[in-house]
Amino acid sequence: MTVERFYITTPIYYVNARPHLGHAHTTILADAMARFNRLMGREVHFLTGTDEHGDKIVKAAQAAGKSPQEYCDEISGIFKTLWPELDISNNQFIRTTDPEHKRLVQKALQQVYDSGDIYFGEYGGHYCFGCERFYTEKELVDGLCPDHKTKPEYIAEKNYFFRMKKYQAWLLEHIKANPEFIRPEQYRAEVVALLESGELEDLCISRPKSRLDWGVELPFDTDYVAYVWFDALLNYLTALGWPDGQKMRDFWPGANHLIAKDILKPHAVFWPTMLKAMGLEPFQHLNVHGYWLVKDTKMSKSLGNVVEPLSLKDKYGLSGFRYFLLREVTFGYDSSFSEESFCGRFNSDLANDLGNLFSRSLAMTHKYFGGSIPQAGLGGPDEEELQLMAREACLNYQRLFGRFQTAKALDALWELVRGLNKYIDTQAPWSLHKEN
Ligand code: MSP
């Protein structure tokens, strides 16, 4: 019998900020997927880690009065120690400053360079330091970066470019032939629209050391380091021991990336074209979720409105916290965070529905049966209906959860919880007991 395998990744998080609820959400969702797939009998590899090169890390280190390496060690360590506290069951934690990762990034660069898909040229563009990328005129909103709402700097310099344009037609075709390659649908449609709206530009994949030297040196030109995204995306492969590690053979065919919509373009456009240029099959699914908002604005360190995951966990307990994140977010859509909505969910679903079901069942087992579970009685139509409901809840739960629709999956399960409460209300065991 062949074992099915599932490879789940989170984005590797930048170390310029401490983890907040947004990072915790993605990682808890990935963890839930890893656990679900293990329960379904699949062999799972679950990867997370930190993205440590580039301008903004250097700037953050300077602001903290530390060397980049010292600074990265510190913040990466905070991420690494947070995850066990949130019960994250990752198999691996990768850092882009790991020597093995850097060696394999150089190997990949050399391979793509040798195949002719990297060339030297000159480019001028609007550079956002927050995103660490060039924007075209068309992509800016009122002249500002759409994400950071800051004015990008115009930079012109000689650099290396990846022939991304060459793979545009292939990518479009692949997305059209595989409707769930990018899911849910609205993000697939967004990427299709982008690819159909005009020619892609080739991707600038280097930074001159004169401007930035905190990165992976290009193996074919020591005056340059790799663009942070080219280095970072490769983590999904270097972690598996690309090109010929056993894990690569086992897990790459079942690769599922999980991200939020902020990094859709690098994952949906840069990454598959890079893989194609390297002669590899694309990942299986790119799974995209929305943002956590606070008063209609994205939660982010630069906007200063972050919620600390640990304080919520400490106040409400880990299971309740994890439940909230999986239940409150409709996959692909934004959600607004407020402590009131958290409490509301906690009280209605966990305390009332589930808690009530448990405490009544246990209390009655004690009161009427001396604490041991009685033999099941002969079932009538009510019990048959309940069994049917249980079977359906289970099937729906499995179908939806496996496709990242955790809110709908939990809702399907709660139909059963509510159905059981209703069954107790209508059967009224307390009167049955009185009547013997
Ligand atoms: N380093 C890159 C990713 C490279 S992956 C090859 C990066 N890092 S990040 O630290 O900015 O993390 C972005 C990710 O964090 C999002 O895609 C999402 O998973 C999570 N989130 C950060 N803020 C979030 C919200 N406000 N809401 C939901 N998720 C959030 O981008």
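**View 1. Strand 15 (residues 292-294) and strand 17 run parallel and are joined by 2 bridges.** Two strands are said to pair if DSSP finds at least two bridges between them, and strands (E, at least two residues) and helices (H or I, at least four) are DSSP runs numbered from the N terminus. Look for Trp292, whose bridge partner in strand 17 is Ser335. These strands belong to an open sheet of 3 strands with mixed pairing, in the order 16-15-17. Strand 16 (297-298) and strand 17 (335-336) stand at the edges with a single partner strand each, so one side of each is left without a neighbour in the sheet. This is a predicted model, in which local features need pLDDT of at least 70 and side-chain atom pairs count only at pLDDT 80 or more, while totals for chains, interfaces and linings use all residues. Residues are numbered from 1 along each chain as its sequence is written, and side-chain values use heavy atoms, with hydrogens and water left out.

**View 2. Strand 7 (residues 153-162) is joined to strand 5 (residues 118-128) by 10 bridges, and the two run antiparallel.**

**View 3. The ligand is surrounded by 24 residues, the closest being Ile12, Thr26, Asp51, Asp262 and Trp292.** A residue counts as near if one of its heavy atoms lies within 4 Å of the molecule. Strand 2 (13-14), helix 1 (21-39), helix 7 (228-233) and helix 8 (235-238) each supply at least two residues of this shell. By class, the shell has 13 nonpolar, 8 polar and 3 charged residues. Nonpolar here covers Ala, Val, Leu, Ile, Met, Phe, Trp, Tyr, Cys and Pro; charged covers Asp, Glu, Lys and Arg; the others, Gly among them, are polar.

View 4. A backbone N or O atom of Ile12 lies 2.8 Å from a nitrogen atom of the ligand. On the oxygen side of the story, a polar backbone atom of Ala260 is 3.0 Å from a ligand oxygen atom, and a polar side-chain atom of Asp262 lies 2.8 Å from an oxygen atom of the ligand. Taken alone, the ligand exposes 670 Å², and the protein buries 95% of that, by the Shrake-Rupley method with a 1.4 Å probe.

**View 5. The structure holds 1 cavity of 30 Å³ or more.** The largest cavity has a volume of about 40 Å³. A cavity is a set of points, on a 1 Å grid over the protein atoms alone, where a 1.4 Å probe fits but cannot get out; lining residues have an atom within 4 Å of a point. Its lining is made up of His25, Leu29, His289, Leu325, Val329, Phe331, Phe404 and Thr406, which divide into 5 nonpolar, 3 polar and no charged residues.

**View 6. The second largest pocket holds about 1100 Å³ of space.** Among its 29 lining residues, Phe369, Pro374, Gln375, Tyr423 and Pro429 are the closest to its centre. A pocket is an open set of points with protein on both sides within 12 Å along at least five of seven lines. Volumes are the space filled by probe spheres set on the points, which are joined across faces, edges and corners. Helix 13 (339-369), helix 14 (381-401), helix 15 (406-427) and helix 16 (429-434) each supply at least two lining residues, and helix 13 gives the most, with 9.

Methods
Polar contact = N/O pair within 3.5 Å; in protein donor to acceptor, adjacent residues only side chain to side chain.
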